[in-house]
Amino acid sequence: MQPITDLDVLQPTSSAPDVAEGIDAPKTLPATVDAPNGKRVFIETYGCQMNVSDSELVASILAQDGYGLSATEDDADVILINTCAIREKAEDRVRGRLARFRGRKVKSQPDLTIGVLGCMAERLRKKLLEEEALVDVVVGPDAYRDLPRLLAETEETGQAAVNVHLSREETYADIAPVRYDTNGVSAFVSIMRGCDNMCAFCVVPFTRGRERSRPVTSILAECAQLVDAGYKEVTVLGQNVNSYRVEENGSVVSFAELLYRISLLSPELRIRYSTSHPKDCSEELLHVHLERPTICNFIHLPVQHGNTEVLRRMRRTYSREQYLDLIGRARSIVPDLALSTDIIAGFCHETEEEHADTLSLMEAVGYDHAFMFMYSERPNTFAARKFEDDIPEELKQHRLAEIIEIQNRVSRERNERRVGIREVILVEGPSRRSDEQLCGRTDSNHMVVFDRVDGLEKGDYAEVDIMSCTSATLLGEFVRKTTLEEAVAVGA
Ligand code: 5AD
Ligand code: SF4
């Protein structure tokens, strides 16, 4: 799924040397919440947007059990790390953090409880508990409801407590997430869990289990609550949202239908989604983009590689030509469609010619953003079992650098096309660099920075004129405040 958005953790960035670096930055709770049971939990989140969304569920489950939420590790009684196993580097980072927390427990806080949640928990349960003895609690992505019991158990017995059971049904449909790490403007809504795709390089199907979709009514109820609470944007999440599918009153609700129904909730709610698999990107979905202007003209459509033979080795189930065909169709149905992607450099046996196909595909598509990674072998995946990880590290780095160089140029060119245009943005708050500036995203997911003006707050829509750009940001001038409904009516 889209990395923190392995995926600034959530947004594609094209300037980092290995985008995984930015993606793997942790997210923590910014606010403290009272602790009726006297215990405070600190949650640190690594990995994709789905993990951020899962940490919100965990916060909710623990708050219901009387735990308080702590903004820092320093005053926490329980430290939980929600982990990512997608690349080795991500795991190494979590190991480092665990060792540090362990040191604190041994030296100065013997009653500190340390827990590992998510994908690494699923993958390394035994190792973390027995060989490395780093943690007290290990909880897989489908066992979060059991967390209060597991915490109580480890406190009572002094023994490690584990639940890494993967479910075919669990969607946490009835749990209202505690929204933290939020600007009060945009929220994630998880609509499905797991993945059935089995791409050769990917550990996700092993750590997150089989695909299952959350019922429509609970998704719509959560989105409606967000609208009532003043949110202006939802990002609908799943490992492969395009394969969302539930039966309702004898008929099937597809992902396109679900988006359509969400779009009926409010004329002021922007809708995004992540991640799509190209094989499931339907015409119906593209037409819903066209028909419903509050569904943003932006699709994250990971290609992974530009060569058909490598795509076959990766088990992606489409060829270069089919992918390019899809992009052509998408752009002909949805005008001004912005696109982002994920790309892997240095997959097993990749030749120089195959790598060149990735570069030429990037030129041919012209992505607005990309997440770019060096291949990292993950134990037990199809690739690990069948192919040798035979591209030397330096060559992987070199190929990745070429990919990043192209993307930086293409991103800049794509941004330059917007200079001189009037855009409607949703204001997210102060820019990262200065309180004197505000930032917000266009429908196409481009970040715009502009000088602060009185009376304009986060959560407002505004028209801005795009004056200039870098490869990562558009620089704008405020024109006027607006609403999404008005902007749609005038076709902005
Ligand atoms: N090595 C490198 N990148 C990977 N991804 C998934 N597995 C691996 C791996 N083993 C990337 C893919 C995916 C994104 C979430 O992470 O590009 O789309
Ligand atoms: Fe991994 Fe492929 Fe599933 Fe994405 S679609 S989570 S890359 S197996």
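Thr-275 sits in the loop between strand 14 and helix 9 (283-291). Helices (H or I, at least four residues) and strands (E, at least two) are DSSP runs, numbered from the N terminus. A cis peptide bond links Ser-274 to Thr-275, with omega about 0°. Most residues other than glycine have a negative phi, and most peptide bonds are trans.

This is a predicted model, in which local features need pLDDT of at least 70 and side-chain atom pairs count only at pLDDT 80 or more, while totals for chains, interfaces and linings use all residues. Residues are numbered from 1 along each chain as its sequence is written, chains are lettered from A and ligands numbered from 1 in the order in which they are written, and side-chain values use heavy atoms, with hydrogens and water left out.

## Loop residues

Two loop residues other than glycine have a positive phi. Phi of Arg-315 is near 60°, and phi of Asn-380 is near 75°. Arg-315 belongs to the loop between helix 10 (308-313) and helix 11 (320-333). Asn-380 belongs to the loop between strand 17 and helix 13 (382-386).

| Residue | Relative accessible area | Class |
|---|---|---|
| Glu-350 | 3% | buried |
| Arg-315 | 35% | partly exposed |
| Asn-380 | 53% | exposed |

Glu-350 lies in the loop between strand 16 and helix 12. Contact here means heavy atoms within 4.5 Å. Neighbours within four places in sequence aside, Glu-350 contacts His-305, Arg-313, Ile-344, Ala-345, His-355, Ile-391 and Arg-399.

## The sheet 15-16-17

Three strands form an open sheet in the order 15-16-17, with parallel pairing. Strand 15 (298-300) and strand 17 are the edges; each has a single partner strand, so one side of each is left without a neighbour in the sheet. Neighbouring strands of this sheet are turned by 10° against each other on average, direction ignored. Axes are lines fitted to C-alpha atoms, for helices over the stretch in contact, and angles run from 0 to 180 degrees between N-to-C directions. Helix 14 (residues 393-416) packs on the sheet and touches strand 16 and strand 17. The direction of helix 14 makes about 175° with that of strand 17.

Two strands count as paired if DSSP finds at least two bridges between them. Strand 16 (residues 338-345) and strand 17 pair in the parallel sense over six bridges. The chain runs from strand 16 through helix 12 (residues 352-365) to strand 17, and this β-α-β crossover is right-handed. Right-handed means that, with the strands pointing away from the viewer, the path from the first strand over the helix to the second runs clockwise. Asp-342 has Phe-371 in strand 17 as its bridge partner. Ile-344 stands opposite Phe-373 in strand 17.

Strand 17 (residues 369-374) is mostly covered, with six of its six residues buried. In a regular strand the side chains alternate between the two faces of the sheet. His-369, Phe-371 and Phe-373 point one way from strand 17. Ala-370, Met-372 and Met-374 point the other way.

## The sheet 8-11-14

A second open sheet has three strands in the order 8-11-14, and the pairing is parallel. Its edge strands are strand 8 (186-190) and strand 14 (270-274), each pairing on one side only. Neighbouring strands of this sheet are turned by 25° against each other on average, direction ignored. Strand 11 (residues 233-237) runs parallel to strand 14, joined by five bridges. Val-236 stands opposite Tyr-273 in strand 14. Helix 2 (residues 49-64) packs on the sheet, touching strand 8, strand 11 and strand 14. The direction of helix 2 makes about 90° with that of strand 8. Helix 8 (residues 255-263) lies across strand 11 and strand 14, at about 155° to strand 14.

## The whole chain

The chain holds 15 helices and 22 strands. Its radius of gyration is 22 Å, close to the 23 Å that the globule rule gives for 492 residues, so the chain is as compact as a globular protein of that length. The radius is taken over C-alpha atoms, and the rule is 2.2 Å times the number of residues to the power 0.38. The C-alpha trace spans about 65 × 55 × 55 Å along its principal axes. Buried residues make up 60% of the 492 residues.

The domain assignment, automatic or from a database, gives domain 1 (27-163), domain 2 (186-415) and domain 3 (422-491). The centres of domain 1 and domain 3, taken over C-alpha atoms, are 37 Å apart.

How values were computed:
Buried means under 20% relative accessible area, exposed over 50%, partly exposed in between (1.4 Å probe, protein chains only).
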